[in-house]
Every structure is written in structure tokens, then in C-alpha cells.
Amino acid sequence: MDFKPDKKLGFGLMRLPLTDPSDPAKIDIPHLEQMVDTFLEKGFTYFDTAWMYNGFASESATKKALVDRHPRESFTLATKLHAGFINTRDDRDKVFNEQLNKTGAGYFDYYLIHGVDAGLLAKYEELDCFRWLLDKKSQGLVKHAGFSFHDTAELLDEILTKHPEMEFVQLQINYLDWTSQWIQAKACYDIAVKHNKPVIVMEPVKGGTLAQIPEEAEKLFAEADTAKSVPSWAIRFAASLPNVMVVLSGMSDMEQMNDNTSYMQDFVPLTEEEQHLCFKVAGIINSQIAIPCTGCSYCTEGCPVHIAIPQYFSLYNEDMRENLVQKGWTINFSNYDNLTKKFGKASECIACGQCEGVCPQHLPIIESLKKVAAHYG
């Protein structure tokens, strides 16, 4: 049975518009309602949320902005079960039932075992989460069962071989990570194709990294097509892959919504020449990026010192692209100081390792925080 949406763009309810930029749970509901309405009006239907998104407030915001305001059959909704919030088999139902309550959706069109990697797989297997998900499907509470994945292509092959009942897989795919030895985007995509599993793409713009690229790279895209925005190249790259059924974009405002829907409404895949241009741009970006953080914020929820890790890394990356020898100072030194009034300083990291244990990018966060602390200290 073909369960792919008609259009390839999905609304990732992860980086939502906020009334307080320092608090991800303070979602601007009227703004979000406008975005949801525009998305549906233009013929798009796929919405993606999760238990911990936006400080655990995304699923509730989904109810307010989407479920309570539009007919249930007019959209499809995906959410997820993450191992970090379950310790017993009973916990699986506690989370699931609360998700039904928070979203008010009645059922989930797509449900994912969340963030599978070598570290979490053992827990998912121990708690029998794959079979549990199939039980939810048999009860009509889930229409389609799958999982999101952050690890090697070899492990993905093992999982899909052991669990052929999973209908789809969600992967991090973008032109910057396509040949990355850590993310293994192309290799994982090829495994999904091998097992005939449709792919949902997450992080196509790599947490905004591919929206704000070096001037040299931006010039290459502009020379190729002045009408296309910089992030459009990233989303179109992922959507052009034949086995991709949805590309998720974590849109934060109406400007991003209008841009994304403009070129995805009547989507035209990249040419081979355009694809090669993306790889050329990737080479330029890789030569300049310091810490390849996507800003997912998984690391911050359990940080005992409440360090604003993604924000600090973003400031640091911006500064590393500057000519600091010539400038000596940037506004980010003030931005960092302002953030430390509410969050722990990078220098206050106690190296507990909690953040590294949940980072989907497998970043050396502790060592990177030392660099941030030295830079802004």
C-alpha cells in the first residue's frame, strides 16, 4: 500500500515561533496558527512533532494550532517514543496515552521509535518497543510504524533485516552530510533503498547551517539561479532523492513557510549539474564550520548546569567565520554574556557526559565547550 503524502514537504514542529526566544516552551500560538493554515491551504499535509520538542510543549501546541482547528482527515500527524523517557514497559503506554491526550489527535498517522542508535537500541529491544508499536498499529491507534535513526549504515542494515515490519525510516540527509563519515547520509539512504523502505528526511538544512552559508558559497547559488533562496537548495537536494517521501523543515516563521512552500508546491528535482553544485558548496562550508551542531537541543534537557549548548555553539561558529584578528571583538561576546545571565557558562561544564550520550551528531560536546569557554572567557 502506498502511504506517501502527495507533496514532499513536511512541517517539522520543532523550531517553532516563540514569544520568549530564551524559552523554547513559550510558543507563539497565533503565529503558529497562521503557519499551519498556510501550509494546509497550499496542499501540504504532513506534520511532525515529538514528546520533548520545544521544551515538551510542541505536542500541546499542535493540538491548539492544528488538531482543534482543522478536520482530522485533512492532515497527517507523526510523533515519537524516545528511550530517554521510558524505563519500564508500562512507561511506553504512559507516554503514548499522554501524547494522545496532548495532541487530541485520536490516532497517529505515523509513529516512530525515536533516535535509534547503538546506545539506545538495546533499551528499545529490552522494552520490546518494536512489537509494542505493531500492537498500537493493530489497535488502529497508529497507521504506519517506523523509526528515526542516527548511526552507521551497517547498524541500519541490521535493524531493517531484523525488523522488516517497520514501514519507513527517518534519516538525517543533506548535501553537507552526504559523504560524512559520522552521519553517513548517503550510505544510510542506500540501505533504506536496499530494504525498499521509504525515507523521511530530517535536518535537510542542518539546523539552519545551510541557510546561512559563507559568502563565497552563496554567490555560487546566486549565479546558478537568482530566484532560489539559499535554504531552498538544501531542501530540494533531499527531496530530489527518488526514495524520499517527505522532507521535514523546522520552520520558525511565515517567511520560511512562504519560501519553502513556494518551490515545493510544484516541486522540480535538481538536475545532475545542480546536485554537483551543492557538493561544491558543501566543500566550502566544511572548510569553515567549527562545530557541526544542528541545534536540536536534545543535550540541554538533562544538563545539570543548564548550559545553553546549541546557542553557545552557534555564537562560536559565527565568530570562527569572522576575521577576529582584524576585528578583535564581535557582538557575540555581548550575546554570550547575556545568555550566561540565564544559563550556565560554558566554563561551568562538569563533564558528566549526559549531553554526549544523547547527541544525534555524536559531537565531542565537552571538548567543544572548553573551546567556547576559552574564546568567550
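This is a predicted model: local features need pLDDT of at least 70, side-chain atom pairs count only at pLDDT 80 or more; totals for chains, interfaces and linings use all residues.
Strand β3, which spans residues 76-82, is mostly covered, since seven of its seven residues are buried. Thr76, Ala78, Lys80 and His82 point one way from β3, while Leu77, Thr79 and Leu81 point the other way, and the residues of both sets are buried.

Strand β2 (residues 46-48) runs parallel to β3 and is joined to it by three bridges, and within this pairing Asp48 has Ala78 of β3 as its bridge partner. Strand β4 (residues 108-116) also pairs with β3 in the parallel sense, over five bridges.

Thr49 is found in the loop between β2 and α2, the latter covering residues 53-56. With a relative accessibility of 0%, Thr49 counts as buried, because the cut-off for a buried residue is under 20% relative accessible area.

Leaving aside residues up to four places away in sequence, Thr49 touches Leu77, Ala78, Thr79 and Lys80, and also Leu13, Ser58, Glu59 and Thr62.

## Helix α8

In helix α8 (residues 185-194), the buried residues are Ala185, Cys188, Tyr189, Ile191 and Ala192. Seen down the axis of α8, these buried residues fall within an arc of 155 degrees, and they therefore line one face of the helix. An α-helix has 3.6 residues a turn, so residues three or four places apart point the same way.

The elements that cover the buried residues of α8 include the strands β5 (142-149), β6 (168-172), β7 (199-202) and β8 (244-249), together with the helix α7 (153-162). After α8 comes Asn196, which has a positive phi, near 60 degrees.

## Helix α9

Ala217, Leu220 and Phe221 are buried in helix α9, which runs over residues 215-224. Viewed down the axis of α9, its buried residues fall within an arc of 95 degrees, so they line one face of the helix. Among the elements that cover these buried residues are α10 (230-239) and α12 (272-286).

The face of α9 that is turned away from its buried side carries Glu215, Glu216, Lys219 and Glu223, which are exposed.

Gly295 has its place in the loop between α12 and α13, the latter spanning residues 309-320. Its relative accessible area is 26%, and Gly295 is partly exposed, because this class lies between the buried cut-off of under 20% and the exposed cut-off of over 50%.

Apart from residues up to four places away in sequence, Gly295 touches Arg15 and Pro310. Gly295 and Thr209 are 86 residues apart along the chain, and their C-alpha atoms are separated by 9.4 Å.

## The second largest pocket

The second largest pocket holds about 240 Å³ of space. It is lined by 13 residues, of which Asp177, Ser180, Trp182, Pro292 and Leu363 are the closest to its centre. By residue class, the lining of this pocket divides into seven nonpolar, four polar and two charged residues.

Methods. Residues are numbered from 1 along each chain as its sequence is written. Side-chain values use heavy atoms; hydrogens and water are left out. On a 1 Å grid over the protein atoms alone, a cavity is a set of points where a 1.4 Å probe fits but cannot get out, and a pocket is an open set with protein on both sides within 12 Å along at least five of seven lines; lining residues have an atom within 4 Å of a point. Grid points are joined across faces, edges and corners, and a volume is the space filled by probe spheres set on the points. Ala, Val, Leu, Ile, Met, Phe, Trp, Tyr, Cys and Pro count as nonpolar, Asp, Glu, Lys and Arg as charged, and the others, Gly among them, as polar. Buried means under 20% relative accessible area, exposed over 50%, partly exposed in between (1.4 Å probe, protein chains only). Helices (H or I, at least four residues) and strands (E, at least two) are DSSP runs, numbered from the N terminus. The arc is that of the directions from the helix axis to the C-beta atoms. Contact means heavy atoms within 4.5 Å. Two strands pair if DSSP finds at least two bridges between them.
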